[in-house]
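Subject: Structure handover

Hello,

Here is the structure I said I would pass on. My notes on salt bridges and on a surface patch follow below it.

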Amino acid sequence: DGEVHINELKNGNAEMFWNPTSEVRRQRLKRHIVLFEEQTDFESERLWQHVTSAINKGDQHKATQEKFVLEEEQRNAARERRENGTEWKPLLFQHDTTTNEWHYKYEDLRPWDPLNDIAQFEKNGILQTMERHLSTRMSNHKTTCINNQITRHKRSAKDCRRRKTSDQPSNHSQNTESSCSTPESVQELSDDDGKYFGFGSLCAQCGKEMNHLKEIHSAVLSLQRAQQDIHR
């Protein structure tokens with residue numbers, strides 16, 4: 001987010017290559033890193049601190065020296081493991097023998113959910129996502145509602161069958177049998193109309209949370225459309 005110049009060594013001419021505006025600087029992604037004092041010895045910022053310091057001071061010779069020291073330490077450590085027969089076990093990466101590539105163990109490739117995801121952060125090298133868990137609460141509450149209604153439905157069907165077996169067969173009992181038949185299998189929850197088929201409408205809490213989610217979703221879509229218009 002700073003100025004970048006191209007310097008021609010032959011004639012000493014300097015040319016502006018990149019000069020970000022204040023708007024570009026405002027749009028930069030915010031970087032969240034672990035505090036330096038909380039980092040382990042092998043985390044990049046701590047491990048390469050002397051190289052970074054030399055680069056920031058413009059001392060290319062010092063930066064090269066510090067880089068050589070680090071790489072030599074790594075070579076010596078690898079040589080010692082080889083002589084001792086110690087196997088190197090990566091903490092955060094695993095090897096794919098099919099593609100012969102290394103992959104991060106905790107990669108999260110799912111799309112970002114603006115309704116449920118709050119922030120993504122790193123702790124002990126593991127990327128994690130802070131979530132609202134609203135959808136989980138709604139899912140659990142829906143399950144409870146379904147189970148309660150299934151229980152009531154089964155109880156009423158059981159009572160109905162008990163009445164049928166206790167009554168003497170007659171024209172009246174034959175007429176009432178059709179209105180007291182065994183319920184069919186429970187149909188699955190439909191998210192399209194927000195109702196449990198076969199069990200009536202949502203309970204008050206489910207309906208309230210469903211409407212709240214729809215309002216949030218509508219607001220997010222409106223913001224996305226506005227951002228797209230601004231971008232165009």
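Arg 232 and Asp 229 are joined through their side chains by a salt bridge, with 2.2 Å from N to O. Please keep in mind that this is a predicted model. Arg 232 is exposed because its relative accessible area, 72%, is over 50%. Asp 229, with 46%, is partly exposed.

Another one connects the side chains of Arg 110 and Asp 117, at 2.8 Å from N to O. Here Arg 110 is partly exposed at 35% relative accessible area, whereas Asp 117 is buried at 4%.

Helix α4, residues 60-84, contains both Lys 62 and Glu 66, which are four residues apart, or about one turn of the helix. Their side chains form a salt bridge of 3.1 Å, N to O. Lys 62 is partly exposed, with a relative accessibility of 35%. Glu 66 has 18%, so it falls under the 20% cut-off and counts as buried.

There is also a network of salt bridges, which links Lys 67, Glu 71, Glu 72 and Arg 75.

Now the surface patch. Val 4, Ile 6, Phe 17, Trp 18 and Val 24 make up a nonpolar patch with about 450 Å² of accessible area together. Strands β1 (4-7) and β2 (14-18) each contribute at least two of the patch residues. Phe 17 is part of strand β2 and is exposed, at 56% relative accessible area.

Regards

Terms used
Residues numbered from 1 in each chain as written. Predicted model: local features only at pLDDT ≥ 70, side-chain atom pairs only at ≥ 80, totals over all residues. Heavy atoms only, no water. Patch = residues over 30% accessible without salt bridge, like charges linked within 9 Å, V, L, I, M, F, W, Y side chains within 5 Å. Areas by Shrake-Rupley, 256 points an atom, 1.4 Å probe, with all protein chains shown as cover. Salt bridge = Lys/Arg side-chain N within 4 Å of Asp/Glu carboxyl O. Buried < 20%, exposed > 50% of the residue type's maximum accessible area, 1.4 Å probe, protein only.
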